[in-house]
Amino acid sequence: MAWVFWSKDASPETAQRLRAAIRATLLRPLVRAGIDLPTADDSEEAFHAVEDAAARLLGSRRFRTRDLDGTLRSHATAAGIELPRVAGHLVPNIFHRAVLEPGARMLIGGTAHIAYEAVLNEWARIWPDSQGAIDKLLTMHREAELSGVDLMQSSPMKDGLPGLVRAVDEATDERLCAAVQACTKGSAILLELAQRAPGCIPHLMNDVMWDQWVRVGGLAPEGKAGEAGIAMATVTHLLVPGWAEDLDRYTAVMTSYLP
């Protein structure tokens with residue numbers, strides 16, 4: 001709630017408080033594990049430092065077996081709501097080892113520390129239902145490589161956590177506050193809809209922003225988990241071209257469903 005008021009006030013003092021709070025939230029997993037960000041260079045020593053830091057980070061995490069999408073669908077079924085199968089659906093359990101292990105390396109060292117083919121092939125082995133979508137992603141990456149384009153370089157995680165923190169540090173007060181306002185507003189409306197108008201959820205799932213925002217932190221509960229969701233949405237808002245406009249459009253759609 002403090003982030004909401006700080007971003008609306010948007011004075012130099014409250015913007016600085018907001019910047020510090022988001023920075024601390026992004027760095028919290030590393031601080032909790034007692035890890036310093038390794039030096040970003042191409043040396044073999046730096047590579048091993050990233051691998052060691054990722055292993056230490058994973059040492060403080062639990063690999064859970066629950067299927068988050070399955071849980072959502074079972075609750076929807078109990079409420080008499082049939083949810084559509086989302087075309088972009090890939091990973092039903094974001095706490096699976098196959099997700100967290102490459103995710104830890106990417107968080108600390110950036111996309112250069114993961115091999116997308118190996119990751120996608122592992123996902124296909126664990127979640128056979130996603131094979132069609134994974135085949136499309138593999139084809140897209142391979143065709144881009146033949147054209148001399150590295151699609152991973154367009155990811156907000158290109159430089160890992162250092163890149164996310166740098167985006168927050170370098171954003172103007174006005175830009176940072178606008179991003180937080182948009183993300184907190186969107187999450188508040190989404191939570192309101194989930195509680196008061198769940199019948200609209202199947203319609204919202206048919207939008208690209210369901211995968212690009214809702215499933216990766218858009219539904220932000222009170223507390224540290226919600227802060228992490230808002231922080232990640234904020235850096236995506238700052239770094240990914242066109243994402244801010246997509247969130248504004250999606251927020252307008254969600255607003256139309258409010259009771």
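The buried residues of helix α5 are covered by elements that include α2 (12-33), α3 (44-59), α6 (116-126) and α8 (160-170). This is a predicted model, where local features need pLDDT of at least 70, side-chain atom pairs count only at pLDDT 80 or more, and totals for chains, interfaces and linings use all residues. Residues are numbered from 1 along each chain as its sequence is written, and side-chain values use heavy atoms, leaving out hydrogens and water.

**Helix α5**
- Buried here (under 20% relative accessible area, 1.4 Å probe, protein chains only) are Ala98, Val99, Leu100, Pro102, Ala104, Met106, Leu107 and Ile108.

**The aromatic pair**
- One aromatic pair (ring centres within 6.5 Å, with the six-membered ring used for Trp) is present.
- The ring centres of tryptophan 213 and tyrosine 250 are 6.0 Å apart and their planes stand at 85 degrees, so the pair is edge-to-face (planes over 60 degrees apart).
- Tryptophan 213 sits in the loop between α11 (208-212) and α12 (224-239), and tyrosine 250 in α13 (residues 243-256), so the pair ties together parts 37 residues apart in sequence.
- Tryptophan 213 and tyrosine 250 are both buried.

**The whole protein**
- There are 13 helices (DSSP runs of H or I, at least four residues) and zero strands (E, at least two).
- Of 259 residues, 42% count as buried.
- Among contacts (heavy atoms within 4.5 Å) with a separation of 6 or more, 76% join residues 24 or more positions apart.

Note on methods. Buried < 20%, exposed > 50% of the residue type's maximum accessible area, 1.4 Å probe, protein only. Phe/Tyr/Trp six-rings, centres within 6.5 Å; stacked < 30°, edge-to-face > 60°.
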